[in-house]
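Hello,

Here is the structure I promised to pass on. Please open it first, then read my notes below.

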Amino acid sequence: MTAGKWDVVIGLEVHAQLTTRTKMFCGCPTTFGAPPNTQTCPVCQGMPGTLPVVNRRAIEYGVRTALAFDCRVNHACRFARKHYYYPDMPKNFQISQYEEPLAEEGWLEIDRPDGHARRIGIQRLHLEEDVGKLVHEGTLETAQASLVDFNRAGVPLMETVSKPEIRSPEEAAAYLRAFRAVLVYLGVCDGNMEEGSLRCDANVSLKPAGAARLGTKVEIKNMNSFRNVQRALEFEVKRQTEALDRGERIVQETRLWDADRGYTRSMRSKEFAHDYRYFPEPDLVPLKLDAAWIDEIRRVLPELPRARRQRFVAAYGLPAYDAALLTQSRALAEYYEAAVRDFPQPKLVSNWVMSELLRELPGDDERAIEQATVTPSRLAGLLRLIDDGTISGKIAKTVFETMVRTGEEAAAIVRREGLTQVADAGALAAMVASAIAGNPKAVEDYRKGKTAAAKAFVGQVMKASGGKANPAMVSKLVEAELEKLTKT
Amino acid sequence: MRTIHELTDAYRRGETTPSEATDAYLSRIAKLDDKVGAYLTVTADRAHAAARAADERYRRGRPLGPLDGAPITLKDVFCTRGVRTTCASKILESFVPPYDATVVDRLAKAGAVMLGKSNMDEFAMGSSTEHSALRVTRNPWDLTRVPGGSSGGPAAAVAAGLAAGGLGTDTGGSIRQPAAFCGVVGLKPTYGRVSRYGLVAFASSLDHPGPFGLDVTDTARLLGAIAGHDPMDATSIDAPVPDYTAGLEQGVRGLRLGVPDEYFTKGMDAEVEAAVRVAIDVLKGLGATLERVSLPATPHALATYYVIAPAEASSNLARYDGVKYGLRVPGRDLIDMESKTRAAGFGAEVKRRIMLGTYVLSAGYYDAYYGQAQKVRTLVRRDFDAAFARVDLIVAPTTPNVAFRHGEKADPIAMYLNDVFTIPADMSGVPGVSVPCGFTASGLPIGLQLIGRALDEATVLRAARAYERATDWHTRRPELA
């Protein structure tokens, strides 16, 4: 994007909480939402004398993600201590990675608004431990005391830093969506931005259009939803553009996004930047990653969102829009494929999943899909009833709503509520005859060439049947009857 | 004053019981520790309970092993569940850990009876125990002198008969130097041989837990109980633990001993040098062959140590901020509270090292100091590798001098120089022991140091035992009225 005479340059740092059962360096559970400090032990409380031990599963998740982004996995990597004082951090240093990260040099493909795909480079991917949480008594400004909850301290975090190759706030949002989809597909992160499982910071700078040298960058923090990332970046690009247009210099600083007020404000400038005093973590030996183990992880990588989307278009003949929507989450894509296996009319299934299912579910993630009372085979069962003419599409929507509520099979509901279509030609003919007889004016209109009048008769019959009449048959019968009348 | 092996033999024969022995130690502590000042916390109730359980096992004829009922002391750097663990610092004076260090747990499972927690230099930073913020510890051989440090408490306790054995830590010589000063045996095992879990960290890559004993056999028994892989310590070595007492009596015939030029320096105490030279001749007389070796990086080891150890310490000690445990001095706001807490909680030497360490890790200085120090550390390691390609053990003095007077080394550098012969083994991680090898004319103990290959504590102990058997220095006890 060029903001007038400026090129926008954005780099994203994404922190993803890994869904390992236990923490990065101790055996405590990682469950979200437990009472404060109940998921802690001397290690994650940073008690004197305690030592970290690496969670191998977290390494595996990191490698899995690195391979999905086509990164170079470093066969030897190291943890390092990053120092700063903050009471939510039990040791006043964070075990992270610095000079020797787990993986480097990969890429992620995103779709641009113009429909073209673009690769965004990934600079590095490393693992670290999360910090705890401060709870203030009242607002931060007036609190008399603050309390620390260390439940989150030590939860594995994966930090992925993109190259400064994102060119607009829309691209940043697209990057984040694609990034999240990959992580969720890999099963390494639940992708929940509101609960903080996925956090994003951005570096934004502007440079004269076409210039090679990057401008002064500003770091934006506290963007806790996809929408906010885009809004915050749009604001920041505008702010910097206006400043530069006025001939001002951009100050290198960290700014916080205030979602309520819709602006970014300065948090700290470079002069107060931390010296983290990184040095290799002496309590952990350098990590040696066995090539065979990495190969094994590569071998069992699942199909990734992009590949799946392309397959949905090729194999099911779906429009690109449908394929993109259905593959946004692995759970939804799997739901769709299961339903298609049971009822092989891909587009019809797609329509139902996109409109009816997603309307009824709280989300498209694993949790929501798992909780869906309408399972893929039940959805297929419902669609079969439409297909064989047992119920109309309209009735099916009502049946679907009942299925969501009661968790029953469609056939059971249709039977109990007597929703089977009236497809008896004799009964329908009688209803058609009665409708036509009761409205001579419409017949007259039809004769004069107003063929739309036929639709009114179909509507009447459908209404008279309580929606149960087979609309195709009714339509045919009405036409036949009117033909007869006009010829006479 | 009996050794652990004498005590357990007596238990076995029914001549005495762990409870009787524990009572005797506790009453000796009550009588004499005012003079020595070895203990920070005496855990009499626990000791009684543990001793009674041991009594019962001996009564049934089923003791747990060679340490069952042995009354011992722990340097107050090891976390003990429910018993305050102070590191001799104001900042942890009230800290009661909710867990036991791995070594504490292993000693308890071996039946050892913990008498209490003993004094040390604050956070193990020092060579005289004078940096303890909580108590003065005196050398049992001369109460006007220091016991050495940082493990001065356990060394003095064992020398004075206030414990039959003890556990300390050696980061720059903190076991071997006080062992030499107090006339007892002190062993620094290979890095990773003994778990550091629950040992309050000073310098993580240099901290070595290890035992004190009145003789080599006791020291070997204690090592056997605490050594071995610990899944809670990622730097602990997963290698089988031999029976350290099995080959103890095999002598030194055929062993090649290296005598390093760099460990006999100008300015060292003449009486120390003479005693160590005689001791080396004793080993030769027992059948060992001698060879001159060179450890050329030795002169740089001390300076390098004072970059690496403070760097790691500045990081390890960052957690003491008054937020979670230990001392809290109220302040206007968070930063004020943290600053005041650290200002009041840490002593001068600890602050000096935190500042030193913070400086050497700072952006722009890292490569020149910490990065460079790591390279020198590699050179120190290579020195030992080269030497051990030719010899089985290195023999040298433990310290350049004997116990000095309280207050004598007011200059920090003079104090640091005390560790010049012990630091290289910490830097390279190889095992070393100090055994008594004589006394000065004024009656102060001198230590002989034996350094071995990584994980070869057995040979180190075996040579130390051969020397001990040929001499009687280890049988001398200080007079304490």
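Predicted model: local features only at pLDDT ≥ 70, side-chain atom pairs only at ≥ 80, totals over all residues.

Start in chain B, at the loop that runs between helix H11 (348-360) and helix H12 (367-388): Tyr365(B) sits there. Is Tyr365(B) buried, exposed or partly exposed? Its relative accessibility is 36%. Buried would need a value under 20%, and exposed a value over 50%. Tyr365(B) therefore counts as partly exposed.

Tyr365(B) also belongs to a surface feature. Together with Tyr359(B) and Tyr369(B), Tyr365(B) forms a nonpolar patch. The accessible area of the three tyrosines together is about 280 Å².

Next, helix packing. H12(B) packs against helix H9 (residues 298-316) of chain B. The angle is about 130°, and the axes are 9 Å apart. An angle has to be over 145 degrees to count as roughly antiparallel, and 65 to 115 to count as roughly perpendicular. H9(B) and H12(B) are therefore oblique to each other. Their crossing is left-handed.

A second pair in chain B is worth a look. Helix H7 (residues 216-226) and helix H15 (residues 457-470) of chain B pack with their axes 9 Å apart, at an angle of about 160°. That makes H7(B) roughly antiparallel to H15(B), the cut-off being over 145 degrees. The crossing of H7(B) and H15(B) is left-handed.

Now the backbone. Which residues does a cis peptide bond join in chain B? They are Gly149(B) and Ser150(B), with omega at about 5°. Ser150(B) lies in the loop between strand E3 (113-118) and helix H5 (152-159) of chain B.

The loop between E3 and H5 of chain B also holds Thr129(B). Phi of Thr129(B) is positive, near 65°, and the residue is not a glycine. Thr129(B) has a relative accessible area of 2%, so this residue is buried.

Asn37(A) is not a glycine, yet its phi is positive at about 60°. Where does Asn37(A) lie? Look in the loop between strand E2 (6-17) and helix H1 (56-68) of chain A. Asn37(A) has a relative accessibility of 32%, so it counts as partly exposed.

For a quick tour, I would take these stops:

- The tyrosine patch on the surface, with Tyr365(B) as one of its members.
- The left-handed crossing of H9(B) and H12(B).
- The cis peptide bond between Gly149(B) and Ser150(B).
- The positive phi of Asn37(A).

Best wishes

Terms used. Residues numbered from 1 in each chain as written. Chains lettered and ligands numbered in written order. Heavy atoms only, no water. Patch = residues over 30% accessible without salt bridge, like charges linked within 9 Å, V, L, I, M, F, W, Y side chains within 5 Å. Areas by Shrake-Rupley, 256 points an atom, 1.4 Å probe, with all protein chains shown as cover. Salt bridge = Lys/Arg side-chain N within 4 Å of Asp/Glu carboxyl O. Helix = DSSP H or I, 4+ residues; strand = E, 2+ residues; numbered from the N terminus. Buried < 20%, exposed > 50% of the residue type's maximum accessible area, 1.4 Å probe, protein only. Axes fitted to C-alpha atoms, helices over the stretch in contact; angles between N-to-C directions. Parallel < 35°, antiparallel > 145°, perpendicular 65-115°, else oblique. Left-handed = near helix turned anticlockwise from the far one by under 90°.
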